[in-house]
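Reader: Before we start, I would like to learn how to read a few features from a model of this kind. Please take them one at a time.

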Amino acid sequence: MIRSRNPIKQGLNIIIVGCGKVGATLIEQLSREGHDITIIDKNAGKIQEITNLYDIMGLVGNGASYSVQMDAGIEETDLIIAVTESDELNLLCCTVAKQVANCAAIARVRNPDYSKEANYLQEKLGLAMIINPELEAAKEIARILYLPTALEVNSFAHGQAELIKFKIPEGSALDGITISYFGKNLSSNVLICAIEREDQVYIPDGDFLLLHGDVISFVCSKKNAKVFLEDMGFKTTQVKNTMIIGGSRAAYYLAVQLLHMGISVKIIESSRERCEELSVLLPKAIIINGDGTDEELLKEEDIEYTESFVPLTGIDEENILLTLHARQVSNAKVITKINRINFKNVISHLDLGSVVYPRYITSEAIIAYVRAKKDSMNSNIETLYHMFDHRVEAIEFRVDETSEVTDTPLKDLSLKKHLLICFINRNGSILIPSGQDCIQVGDTVMLVTTHSGFNDIQDILR
């Protein structure tokens, strides 16, 4: 057993089983937020590597073993998170833990067979959450293809509100105007909440001047998003067809979403056996057996005329090269799925269109749960997204009790700097707030901030 524990920390006791990409991302983010973490993995080399990087405990062994969990301190654990490569092992880890300890349990489950039964499994096994990175990535990609102007589309308030990111083109109505002019003259139903310019990120005030080339994120109700973008001169019709390279689970989940939206789907996959499986699972999709990295094949399959292009091979470098090729030969909306986060600075300077990181989607859902569990008494975190390479957090809180922030006009609250309250969701109605508006019990409230680690709505106060 490799020990390295800081006794001063005041966070939760968390066991993470599985030291892969998602496990490593969770360790990086949860250790930064002050939690006591124990990692379990069969690979001693991986354990050694990660315990050298972070102030955590490491245990070599099978995370589903009762004796290994006891050695890891399961009886004093608040939360176990199982993110190994095996769905069955993850579910077994959580089942054993729930029998031994009074802890919450989260399992990563990726197999489509189990995903259809996720609610049943969650309820019967008493799990806090079942998370499926490929399915969540597919949902995010589908949202972007529904609104192809956007670089990112994240949803809040159970889909009633959206946080949309796009780049201001030259000649746009937004080029050269202030935020206050925008709010008074162009749209009072939309709030511009974060701006990236030359690697700097700003939470803007009314005097902030927008310029072409700025990457902006705005919040509005779902029904207003398309109207606003159309008013600004952007194309807002969803794509009619898409070409997917690779027949992975993510490709299957995405195809199901897109076919349901009325978008025609073509998948190119090198394995004949997998093509046969997909043709049974997706009878309405076109399945091509061939090498998706072959330029001639791509040309034969009309890459030049496809409206959207999504490489979902298991190799990041292939996905990146395929995206760059598609940008050269077509006008397709391109979305790049990237699993690793090495060379992120290099990747951010490539023209890759929208980039989706499944491991971050997974870790954000789990971190939102952890923060809500930690010490939120008056509110709970409903949704959490990291924006602009984790420099900004977008958080939606549910307000359950009266507190210092309720029933007081926003203008009279002593709010922290670098923070913006973006919307109040009241009974499913999205309100872009003014200084006169108040937060009420029963609302959900979404804010963006460059601060990190907010657990409770009262953290917005100085």
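**Burial, contacts and charges**

Author: Leu-151 counts as partly exposed, because its relative accessibility is 24%. Bear in mind that this is a predicted model.

Reader: Where is Leu-151 found?

Author: Leu-151 sits in the loop between helix H7 (133–146) and strand E7 (152–156).

Reader: Which residues does Leu-151 touch, leaving out those up to four places away in sequence?

Author: Leu-151 touches Ile-144, Lys-165, Phe-166, Lys-167, Val-215, Lys-333, Gly-353 and Ser-354. For one of these, Lys-167, compare sequence with space: Leu-151 and Lys-167 are 16 residues apart in sequence, and their C-alpha atoms are 7.8 Å apart.

Reader: Is Thr-383 buried or exposed?

Author: Thr-383 is buried, because its relative accessibility of 15% falls under the 20% limit. Thr-383 belongs to strand E18 (residues 379–387). With residues up to four places away in sequence set aside, Thr-383 touches Ser-155, Phe-156, Ala-394, Ile-395 and Glu-396.

Reader: How should I read salt bridges, and how many are there?

Author: Side chains of opposite charge can pair when their charged atoms come close. The count here is 17 salt bridges. One of them joins the side chains of Glu-85 and Arg-108, at 3.3 Å from N to O. Glu-85 is in the loop between strand E4 (79–82) and helix H4 (87–100), and Arg-108 is in strand E5 (residues 104–108), so this pair ties together parts that are 23 residues apart in sequence.

Reader: What is the relative accessible area of Glu-85, and what is that of Arg-108?

Author: Glu-85 has 60% and is exposed, whereas Arg-108 has 5% and is buried.

Reader: Which residues do salt bridges with shared partners join into one network?

Author: Glu-85, Arg-108, Arg-110 and Glu-134 are joined into one network in that way.

Reader: What is the N to O distance in the salt bridge of Glu-393 with Arg-371?

Author: The closest N and O atoms of Glu-393 and Arg-371 are 2.7 Å apart. Glu-393 is buried at 3% relative accessibility, and Arg-371 is buried at 1%.

Reader: What is the distance between the closest N and O atoms of Asp-412 and Lys-411?

Author: Asp-412 and Lys-411 form a salt bridge with those atoms 3.4 Å apart. Asp-412 is partly exposed, at 47% relative accessibility.

Reader: Which residues gather in a patch of negative charge on the surface?

Author: The patch gathers Asp-291, Asp-294, Glu-295, Glu-296 and Glu-300. Of these, Asp-294 lies in the loop between strand E14 (286–289) and helix H12 (295–300). Asp-294 counts as partly exposed because its relative accessibility is 35%.

Reader: How do I read backbone angles, and what is the phi of Asp-302?

Author: Most residues other than glycine have a negative phi. The phi of Asp-302 is positive, near 65°, and the residue is not glycine. Asp-302 is in the loop between H12 and strand E15 (308–311), and is partly exposed at 40% relative accessibility.

Reader: What is the phi of Asp-407, and where is its place?

Author: Asp-407 is not a glycine either, yet has a positive phi of about 60°. Asp-407 is placed in the loop between E19 and strand E20 (419–426).

How values were computed. Residues numbered from 1 in each chain as written. Predicted model: local features only at pLDDT ≥ 70, side-chain atom pairs only at ≥ 80, totals over all residues. Heavy atoms only, no water. Patch = residues over 30% accessible without salt bridge, like charges linked within 9 Å, V, L, I, M, F, W, Y side chains within 5 Å. Areas by Shrake-Rupley, 256 points an atom, 1.4 Å probe, with all protein chains shown as cover. Salt bridge = Lys/Arg side-chain N within 4 Å of Asp/Glu carboxyl O. Lys, Arg positive; Asp, Glu negative; His and termini not counted. Charge placed at Lys NZ, Arg CZ, Asp CG, Glu CD. Helix = DSSP H or I, 4+ residues; strand = E, 2+ residues; numbered from the N terminus. Buried < 20%, exposed > 50% of the residue type's maximum accessible area, 1.4 Å probe, protein only. Contact = heavy atoms within 4.5 Å.
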